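Hi everyone, thanks for coming. Let me show you a structure that may be new to you, and then we'll walk through it together.

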Amino acid sequence: MIIAVIVLMLVIKPFGHKIDSAIVGSWRSEQDSSISITFKSNGDMIVRSSNFVNDSMSYEINNYNVIVTFATGDTETYGYAVEGDTLVFGSNYYTRLT
């Protein structure tokens, strides 16, 4: 019975995953305006630039860190802070688009 409950929780979790954070939305890089990042409320992440679009990433928030998971399964952890319409993500600054 316990195993069935655990399996059910693991199956349901991806469908109910919702992130409620100030980071959700689209942001444009202040250093290079061709780069933007979108953090969706379901944990998906999209990075766009003039040369590519990468929409096969996901993220989760752990305190003041964003843990990004790439399509390969590799992860990177970045510090972040939202200050009004400015996102400090790692060592880069972004301005809110939406």
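First, a term: buried means under 20% relative accessible area, exposed means over 50%, and partly exposed is in between, using a 1.4 Å probe and protein chains only. With that in hand, buried residues make up 26% of the 98 residues in the protein chain.

Please keep in mind that this is a predicted model, where local features need pLDDT of at least 70 and side-chain atom pairs count only at pLDDT 80 or more, while totals for chains, interfaces and linings use all residues. Residues are numbered from 1 along each chain as its sequence is written, and side-chain values use heavy atoms, with hydrogens and water left out.

Now the layout. The protein chain has one helix and eight strands, counting DSSP runs numbered from the N terminus: helices are H or I with at least four residues, strands are E with at least two. Starting at the N terminus, the order is α-β-β-β-β-β-β-β-β.

On to the rings! Rings of Phe, Tyr and Trp (its six-membered ring) pair if their centres lie within 6.5 Å; planes under 30 degrees apart are stacked, over 60 edge-to-face, and the rest tilted. There are four aromatic pairs here. One of them, Tyr78 with Phe89, is tilted, at 4.9 Å centre to centre and 35 degrees between the planes. Tyr78 sits in strand β6 (residues 75-83) and Phe89 in strand β7 (residues 86-89), 11 residues apart.

Is Phe89 buried or exposed? Phe89 has a relative accessible area of 6%, so it counts as buried. Tyr78, at 25%, is partly exposed. Phe89 also pairs edge-to-face with Tyr94, at 6.4 Å and 70 degrees.

Finally, Phe39, Tyr59, Tyr78, Phe89 and Tyr94 form one aromatic cluster.
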